[in-house]
Amino acid sequence: MDARRGSLPVPRVRQVGFFTPNAQPAPTRSQSGPPDSSSPPLSDSPASNSLSPVMIPPPRHHSDNLAAAPRPTSPLPVPEPSPFRRRGADNNNALLVGSYNPAETLLAMSPSSSHVGDGESEETMSGGWFRRSNSGKLASSLPSGTFDFSPVQSTAEALKPNKVQNPVGISEVSARPAPKEQQPEAPSSSKQPKPKLTKAERRALQESQRAAKGGGKSVAAPEEVATIKSVKQHQTQKKDAPQVAVSVAASERKGGDKSQEKERRKDAPAPRMQFDDKSRVEKAKRRSVVDQTEAKKRVELFRHLPQYEHGTQLADLESKFLQLDPMHPAIYKVGLQYLAGDISGGNARCIAMLQAFQQVVKDYSTPPEKTLPRDLTAKISSYVSFFTQCRPLSMSMGNAIRFLKNRIAKLSPSLSESESKSSICTDIDRFINEKIVLADRVIVQHASSKVKDGDVLLVYGSSCVVEMVLLHSHELGKQFRVIVVDSRPKLEGKALLRRLVAKGVHCTYTHINAVSYVMHEVTKVFLGASSVLSNGTVYSRVGTACVAMVAHAFRVPVIICCEAYKFHERVQLDSICSNELGDPDAIGKVPGRMDVNYLNDVSNSGNLQLLNLMYDATPADYVSMIVTDYGMIPPTSVPVIVREYRRDHLLI
Amino acid sequence: MPGPQLLVDEFVSQLRKRKVEGSQATAQLTAELLRTVISQLRAAEAPILIETVRKFGRELIAANPFVETFVLPELSVGNIVRRVLRIIREEDASGVTDGLPSDGDNQETADYADGQVSSADVLATRRLLRSPSLHGLLDRVSNAHTDDMGGKRKAPADKNAKAWMLKHNVMEAINELVEEISGCHQQIAEQALELIHHNEVILTFGKSKSVMEFLCAAKKKRSFRVYVAEGAPKYQGHCFAKDLSAEGFRTTLITDSAVFAMISRVNMVVVGAHTVMANGGIIGPVGLNMLALAAKQHGVPFVVVAATHKLCPLYPENPVVRLNELKSPSDLLQFGEFSECMELAPDSSACVLNVVNPAFDYVPPQLINLFITDIGGHNPSFMYRLIADYYSADDFIL
């Protein structure tokens with residue numbers, strides 16, 4: 001017991017984020033390099049910036065840091081340009097020609113716009129999800145061709161911008177979903193011929209509709225991938241209601257000021273597609289490339305999530321292979337792999353996607369009368385929606401897409417096409433290298449320093465970074481045992497177990513129900529994560545929360561290993577509102593157990609539903625420590641990382 | 001008709017081969033067996049009865065030598081043996097007090113029985129029945145003395161009649177016990193309506209007949225939804241979900257790992273138990289502890305539905321290990337699935353791979369909100385009291 005307690009890395013973690021890197025030398029880590037990252041990236045990890053495992057290095061762009069210095073420290077609404085734009089201007093000045101439309105910067109700096117934005121100014125760095133499924137029309141409606149990014153918004157704020165109607169730019173002609181209100185009760189109103197109304201009229205109409213609804217129902221904005229929006233049962237929804245009212249009032253006050261409205265709209269994080277909204281689902285279906293059959297028996301609680309009959313999509317897609325003109329083969333291949341489950345795991349999926357995009361960029365040629373940034377972003381958006389149809393994107397992929405789009409938007413127009421393309425490809429490579437490969441190495445270094453001789457480590461499922469930690473510790477010659485806990489229906493732990501046993505790691509294998517049986521002897525729990533949300537919630541493979549909870553009850557430290565690019569500024573309270581549904585039939589079948597065949601013939605019984613959840617949300621209370629590429633942090637520091645390093649993520 | 005020893009041996013072998021499934025069936029068979037055994041005894045003096053039942057009880061309990069082989073015995077066997085012992089003691093005592101004086105056709109016995117001797121006898125037997133307390137601690141010795149004295153002074157004629165009465169009463173009482181066991185589910189189910197309201201969401205785990213009856217009783221008046229966790233290595237939840245949906249419940253089957261995700265939308269957890277321990281903890285299918293923890297974390301009531309024959313007078317000591325059963329690894333990994341990895345392992349002398357597959361889980365009383373038994377709902381902290389009611393302190397160790 002003492003050994004367990006001694007291993008808790010409590011005290012130092014307090015320093016996170018508020019200390020300058022030079023103030024403290026690296027005390028324990030042997031491999032921490034000099035403070036500057038001038039050494040070659042592969043020999044030295046990015047953590048060389050970070051000196052000590054518990055310290056967060058300063059943002060890399062010092063000039064930017066200076067420019068934006070007062071920003072994080074001023075909680076008051078200082079009339080200041082949105083840091084994002086400011087930063088863009090800086091970049092352009094520093095790196096290249098002044099390609100920026102000065103009007104754009106001025107616009108952003110105008111008091112009115114900053115007034116609109118300053119509520120969120122602190123968080124502006126991180127976009128909600130990748131947000132614009134920007135059609136060409138949208139882009140052209142903006143004053144300059146710059147692609148804009150949504151600010152970070154907490155969930156509470158997430159719904160606010162929705163009531164600001166999409167005014168000018170987006171027309172329904174575009175391939176993206178039209179910016180209609182979600183109003184199942186009043187479908188006629190949603191069919192308003194929008195282009196014929198003026199913007200003010202439309203807004204008035206919609207606001208009256210909303211008022212009629214009494215604010216009880218929240219609104220969905222058009223993008224298909226977006227930030228959290230809760231089901232009706234969920235409590236955040238209730239919380240949202242007053243906010244909706246408040247911001248409606250606010251937008252009324254502003255009247256028809258177009259620039260303000262535009263700003264607000266740009267800041268809007270688009271909520272996720274909610275699949276309990278019939279009209280929108282219909283619309284999405286018409287657009288969809290993948291022909292999917294909706295599952296007939298759906299669990300009541302999860303109507304807001306997509307669920308399709310498994311196996312129907314694949315054959316159909318394969319037959320369509322030659323007809324899908326606009327789809328790049330690389331994209332198509334990766335999409336099929338997602339669909340078939342050949343690629344799974346956050347990092348693998350993200351890398352596959354990025355490499356497919358790289359291929360796309362290489363083969364890309366700008367059509368006549370279009371510019372590369374706009375057209376390419378639109379193309380990528382359509383590919384992303386294809387991926388989403390194959391399998392809902394993970395949050396890490398959302399971050400990667402946002403990064404990519406940002407890079408494309410930031411391309412200097414003076415670059416030739418080939419230069420732009422190669423620049424994008426290099427950026428993608430750098431992202432994969434720095435944010436995933438190197439980050440994993442740093443995490444392995446940090447986490448394996450926590451493995452002591454005689455430890456009994458419990459791992460759940462199969463996380464590639466946790467596996468690397470175990471193997472690395474084993475290579476270092478540490479004597480420890482591993483308990484691999486597994487759960488149905490995926491049984492991912494078996495593959496992990498196989499690899500560990502092959503390396504000679506002493507393993508114990510068990511199922512998740514027995515976790516409280518084995519927890520007595522466990523000294524540390526290592527878990528992977530699909531994403532870490534800014535309230536410290538760890539969104540991960542279903543069952544992680546159970547393991548963390550039992551470990552917490554047994555006073556065993558829970559260590560989450562997660563790359564920082566998977567951090568996300570969304571918040572989530574439970575596992576219901578946002579999740580992914582797997583194939584329900586996988587529940588009924590138990591491979592290798594002939595005696596368990598109760599459900600073989602039940603599929604047509606109306607009362608019985610099978611629920612195959614893919615993820616769950618572990619509350620921050622159960623997490624002792626999160627190991628990221630920036631060091632080892634408590635879950636409360638996640639929002640700090642998200643906020644301070646968002647620009648790092650976006651513009652390496 | 002085979003002798004008692006033969007019957008017991010046969011039942012023991014059935015228990016060993018696990019041919020008797022379910023605690024209710026086991027309890028009922030045990031009670032019936034003991035009834036047969038007692039009915040075949042000729043001389044039925046209380047100490048002889050007790051000794052006989054105890055002897056056979058030991059054999060029955062030893063049918064599952066659980067400490068050595070890591071097999072959790074069907075504890076209801078021992079519980080029923082203790083109940084029968086208690087019945088004998090009780091009838092013995094009451095036969096002395098009110099049975100004999102009211103007995104009209106044996107006036108001689110009644111005459112003889114009244115007076116000092118019988119009153120001492122009554123006192124002694126009553127004290128025997130009482131659970132040990134500080135009050136009785138000091139006069140215990142003198143009691144035993146008078147008890148012995150009283151026993152010796154009894155006449156053989158009286159003995160015969162009394163023994164006959166005793167045997168008769170014991171048989172009656174055991175019959176009642178058998179009836180009680182067979183009707184326990186109904187008794188439990190009657191309380192369902194008081195606990196389940198309309199539109200409730202109930203989570204259950206594995207398979208339990210009591211839970212089934214409980215839910216079915218509520219179904220007649222209320223409409224609610226049931227989530228069933230599958231209960232991994234045995235997957236009895238599959239079977240249970242199927243049965244529930246056949247009964248017309250809106251059933252959703254979830255994996256065990258999704259328990260934490262779903263518990264926040266659940267109003268009540270209703271589970272069955274393998275055994276209820278004296279401290280109010282339960283032994284149940286593996287995974288129950290995780291479920292109970294999750295319910296505790298979310299403030300969801302954790303209700304255990306268990307008949308009184310599952311009430312075990314033992315206090316659990318290291319129950320996770322001692323009251324458990326490790327099943328075959330083949331539930332988790334197929335034979336030979338990892339053989340090639342084992343060969344690859346560099347240090348082949350040490351066993352690199354262990355598989356743990358426990359069958360039971362212990363849920364401490366702190367995680368349990370309510371017990372629904374056939375004699376009403378009780379707190380876990382009240383279980384010790386029920387045990388004092390049902391078992392005699394002398395029989396805790398057989």
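Trainee: Which residues does Val638(A) touch, leaving aside those up to four places away in sequence?

Mentor: In this predicted model, Val638(A) touches Val532(A), Leu533(A), Ser534(A), Phe567(A), Ile626(A) and Ile633(A). Contact here requires heavy atoms within 4.5 Å. Val638(A) itself belongs to helix H25 of chain A, residues 638-650.

Trainee: Why does Val638(A) count as buried?

Mentor: The cut-off for buried is under 20% relative accessible area. Val638(A) has 0% relative accessibility, so it counts as buried.

Trainee: How far from Val638(A) is Thr628(A) in space?

Mentor: Their C-alpha atoms are 9.9 Å apart, and the two residues are ten apart in sequence.

Trainee: What makes S1(B) and S2(B) a pair of strands?

Mentor: Pairing asks for at least two bridges. Five bridges join S1(B) to S2(B), residues 225-229, so they pair, and they run parallel. Thr204(B), for instance, stands opposite Val228(B) in S2(B).

Trainee: Which strand of chain B is joined to S9(A)?

Mentor: Strand S3 of chain B, residues 250-254, is joined to S9(A) by four bridges, and the two run parallel.

Trainee: What makes the meeting of Glu230(B) and Arg488(A) a salt bridge?

Mentor: The nitrogen must lie within 4 Å of the carboxyl oxygen. For these side chains the N to O distance is 2.7 Å, so the pair qualifies. The count between chain A and chain B is two salt bridges, and 20 residue pairs are in polar contact across this interface.

Trainee: Which residue classes make up the side of chain A that touches chain B?

Mentor: The residues divide into 38 nonpolar, 17 polar and nine charged. The contact takes 64 residues from chain A and 61 residues from chain B.

Trainee: How much area is buried between chain A and chain B?

Mentor: About 5,100 Å² is buried between them, and carbon and sulfur atoms give 63% of that area. Area lost when parts come together is often the way the size of an interface is given.

Methods. Residues are numbered from 1 along each chain as its sequence is written. Chains are lettered from A and ligands numbered from 1 in the order in which they are written. This is a predicted model: local features need pLDDT of at least 70, side-chain atom pairs count only at pLDDT 80 or more; totals for chains, interfaces and linings use all residues. Side-chain values use heavy atoms; hydrogens and water are left out. Buried means under 20% relative accessible area, exposed over 50%, partly exposed in between (1.4 Å probe, protein chains only). Buried area is the accessible area (1.4 Å probe) that two parts lose on being put together, summed over both. A polar contact is a pair of N or O atoms within 3.5 Å; within protein, one must be able to donate a hydrogen and the other to accept it, and residues adjacent in sequence count only if both atoms are side-chain atoms. Ala, Val, Leu, Ile, Met, Phe, Trp, Tyr, Cys and Pro count as nonpolar, Asp, Glu, Lys and Arg as charged, and the others, Gly among them, as polar.
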